[in-house]
There are 2 protein chains.
Amino acid sequence: MSSTPSRHVDDLSVVKSVSLASALVREIERLILTGELEPGSRINEIHLANRFGTSRGPIREATRSLEAKGLVEVVRNRGVFVRRLSTEEAVEIYDVRSALFGQAGRLLAEHMTDEILARLTGFIAEMDKLAESGEFDAYYPVNLAFHSFIVDSAGNKTLAAEYRRFVDKLHLFRARSLVQGGGLAVSNREHREMVDALASGDGERAFITHWRHVDRAKKRLLASIDPQPRRLSS
Amino acid sequence: MSSTPSRHVDDLSVVKSVSLASALVREIERLILTGELEPGSRINEIHLANRFGTSRGPIREATRSLEAKGLVEVVRNRGVFVRRLSTEEAVEIYDVRSALFGQAGRLLAEHMTDEILARLTGFIAEMDKLAESGEFDAYYPVNLAFHSFIVDSAGNKTLAAEYRRFVDKLHLFRARSLVQGGGLAVSNREHREMVDALASGDGERAFITHWRHVDRAKKRLLASIDPQPRRLSS
DNA sequence: ACGCGAGATACTGTCAACAATCGGCGTATC
DNA sequence: GATACGCCGATTGTTGACAGTATCTCGCGT
C-alpha cells in the first residue's frame with residue numbers, strides 16, 4: 001500500500017493557475033490508470049477529500065468529469081465506481097481505435113517528412129533490438145511511444161486526443177496483460193509494413209496497414225479470451 | 001430517440017431516479033445545441049441555478065461534465081464559456097467523423113439483414129422525394145436519421161455514442177448552415193452507393209463509400225470557406 | 001438455527017455562506 | 001488629455017452543514 005515515495009505526492013498546494021478540480025481529475029485519473037483504484041471498486045468522496053486535503057465539492061466535480069470521459073460510473077445515492085470493461089466493450093473500443101488509428105495513418109502519409117520517417121525507422125530498430133534480446137518489459141513502452149508518435153504527427157489534435165482516450169480506457173479491462181502483449185516480432189513486422197506505407201505517401205495504403213494492425217490486435221484478444229467454447233472444462 | 005422537442009419546460013421536479021446534475025447536463029446541452037446559448041457566450045452559474053431552481057453545486061458538476069464532453073470551456077476565475085469551433089477544429093472533427101462512419105459502414109455490411117436493407121432503401125426513397133419536391137427543410141432531418149440509423153445498426157454502442165458526440169459538437173461551428181447543407185441530390189447519389197455497398201456485404205467497399213461520403217462533406221465545407229484551394233487532388 | 005424487520009450507520013445529494021479573484025470605473029497625477 | 005493606480009461590484013472557488021437514502025447490524029419471533 002505505502003509504496004512509491006518518489007516525487008508523486010498527494011499534494012496540490014502548489015496549484016493555483018489551474019482549478020483544483022482540474023488537478024484532481026488528473027490525479028484521480030492517475031490513480032485509476034496505475035491500478036491503485038481497481039476497476040469495480042467504489043470511490044469514497046470523503047476519503048479522497050481527506051487524502052487530497054480538500055472538501056467534497058471539487059472531488060465531485062472531478063468525478064463528474066471522469067464520468068463523461070468514461071472512466072468511472074456514477075450511481076445515484078450509491079457512489080461512483082471505477083468503470084469495469086466487459087469483453088464486449090473492449091472489442092468495441094478496438095473497433096473505434098482501429099478506425100482512428102487508420103485515419104491517423106492516412107493523414108500522416110499525406111504529409112510525411114524525412115525527419116518523421118527517420119524517427120519512425122528509429123522506433124522500429126529499437127523495438128527489433130529489444131525483441132531480439134528478449135527485453136519484453138522494455139518493448140512495450142517503446143511500442144506505445146511508436147503509436148503515440150504516429151498519432152501525434154498526423155496533425156489532428158482532436159483525433160490524437162480521442163485515440164489516447166480510448167487507449168487509456170482499455171486499461172479498465174480486466175485482463176490488462178492481454179491488451180499489452182501481442183506478437184512482438186510479429187507486431188514489428190506489421191510496424192514495418194505501416195512505415196513502408198507511410199513512406200510511400202499512399203494514404204489509402206497507410207490506412208489499411210494501420211487499421212489492420214489494430215484489428216489484428218483485436219483478433220488476438222478475441223482468440224485468447226474465447227478459446228473455442230466446445231465443452232465445459234472440469 | 002426519446003427526445004420530445006415540442007414542449008420543453010425548465011422544470012426538473014419530476015426527476016428523482018437520476019441525479020440532478022445528470023438532468024442538468026441534458027438540459028444545458030439542449031440549450032447549447034439549440035443555439036439558445038451561443039458559442040462564445042459565458043454561462044453564468046447563478047443565472048442558471050435560478051432558472052432551474054437549484055443551487056450552484058449541481059450546475060458546476062454539470063458544466064464540468066460538459067467540459068469533458070468538449071461542449072464548453074472552463075477558465076479559472078472567469079467562468080465557463082460555450083465552446084466555439086474554429087475552422088481547423090471543424091475540419092479535424094470531420095476527419096474523426098469520417099473514420100468512425102466508415103467503420104460503422106464496415107461493421108454494418110458484415111451483418112446486414114433484409115429488414116435493415118428495407119429501412120435503408122426507405123430512407124433513400126423518402127429523401128429522393130423530398131429533394132425533388134424541393135422540401136429542403138424536411139430533407140435534413142431525414143438525412144440525419146438515415147445516418148443515425150446506420151451508426152445505430154452497426155452493433156457497436158461505443159462507436160455510435162462517439163459518432164453522435166462529434167456530430168453534436170459540429171453544431172458549435174460558427175457557420176452551422178454549412179455543415180447542414182450539402183448537395184441533396186448529389187448527397188443522395190452517394191447514399192445510394194453506400195446502401196449498395198452495404199447490401200453487397202463487402203465491408204471494405206462499405207467502408208470506402210461511407211468514409212468518402214463524410215470526406216466529401218468536409219471538402220465541400222473547405223471549398224465554401226476557403227475559396228482558393230492551396231493544392232487540389234483526387 | 002434462520003428469516004425478518006426496526007434501528008443504526010455511513011455515505012451521497014444538495015444547499016447556503018464565506019473567501020478569493022477578476023474586470024470595470026473613477027480619480028489623481030503627469 | 002492620456003495614463004496609471006486603486007477601489008468596488010460581480011462572479012467564481014471552496015467549504016462545512018444539513019437532509020435523504022442505501023446498506024449493515026442486531027434483536028426478535030418462529
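Student: How many bridges join β2(A) to strand β3 of chain A?

Tutor: In this predicted model, local features need pLDDT of at least 70 and side-chain atom pairs count only at pLDDT 80 or more, while totals for chains, interfaces and linings use all residues. Residues are numbered from 1 along each chain as its sequence is written, chains are lettered from A and ligands numbered from 1 in the order in which they are written, and side-chain values use heavy atoms, with hydrogens and water left out. Strands are DSSP runs of E of at least two residues, helices are runs of H or I of at least four, both numbered from the N terminus, and two strands pair if DSSP finds at least two bridges between them. β2(A) and β3(A), the latter at residues 79–82, run antiparallel, and the number of bridges that join them is four.

Student: Which residue is the bridge partner of A:Val74 in β3(A)?

Tutor: In a regular strand the side chains alternate between the two faces of the sheet. Within the pairing of β2(A) with β3(A), the bridge partner of A:Val74 is A:Val80.

Student: Which strands of chain A stand at the edges of the sheet, and why is one side of each left without a neighbour?

Tutor: The sheet of chain A is open, has three strands in the order β1-β3-β2, and is paired in the antiparallel sense. Each edge strand has a single partner strand, so one side of each is left without a neighbour in the sheet, and these strands are β1 (42–43) and β2 (72–75) of chain A.

Student: Is A:Asn77 buried or exposed?

Tutor: A:Asn77 has its place in the loop between β2 and β3 of chain A, and its phi is near 65°, a positive value in a residue other than glycine. Buried means under 20% relative accessible area, exposed over 50%, and partly exposed in between, with a 1.4 Å probe and protein chains only. Because its relative accessible area is 74%, A:Asn77 is exposed.

Student: Which residues does A:Thr158 contact, leaving aside its neighbours within four places in sequence?

Tutor: A:Thr158 lies in helix α7 of chain A, which covers residues 157–169, and it counts as buried because its relative accessibility is 13%. Contact means heavy atoms within 4.5 Å, and the contacts of A:Thr158 beyond those sequence neighbours are with B:Glu92, B:Ile93, B:Val96 and B:Phe166.

Student: What percentage of the residues of chain A count as buried?

Tutor: Chain A has 10 helices and three strands, and from the N terminus on its elements run α-β-α-α-β-β-α-α-α-α-α-α-α. Among its contacts with a separation of 6 or more, residues 24 or more positions apart account for 69%. Of the 234 residues of chain A, the share that counts as buried is 47%.

Student: At roughly what angle do the axes of helix α4 and helix α7 of chain B cross?

Tutor: Axes are lines fitted to C-alpha atoms, for helices over the stretch in contact, and angles run from 0 to 180 degrees between N-to-C directions. The axes of α4 (residues 87–109) and α7 (residues 157–169) of chain B come within 10 Å, and they cross at roughly 145°.

Student: Which residue stands opposite B:Ile43 in β3(B)?

Tutor: Chain B has an open sheet of three strands in the order β1-β3-β2, with antiparallel pairing, and β1(B) and β3(B) pair over two bridges. In β3(B), the residue opposite B:Ile43 is B:Val80.

Student: Which residue in the hairpin of β2(B) and β3(B) takes a positive phi?

Tutor: β2 (residues 72–75) and β3 (residues 79–82) of chain B pair in the antiparallel sense over four bridges, and the hairpin has three residues between the strands. With a phi near 65°, the residue is B:Asn77.
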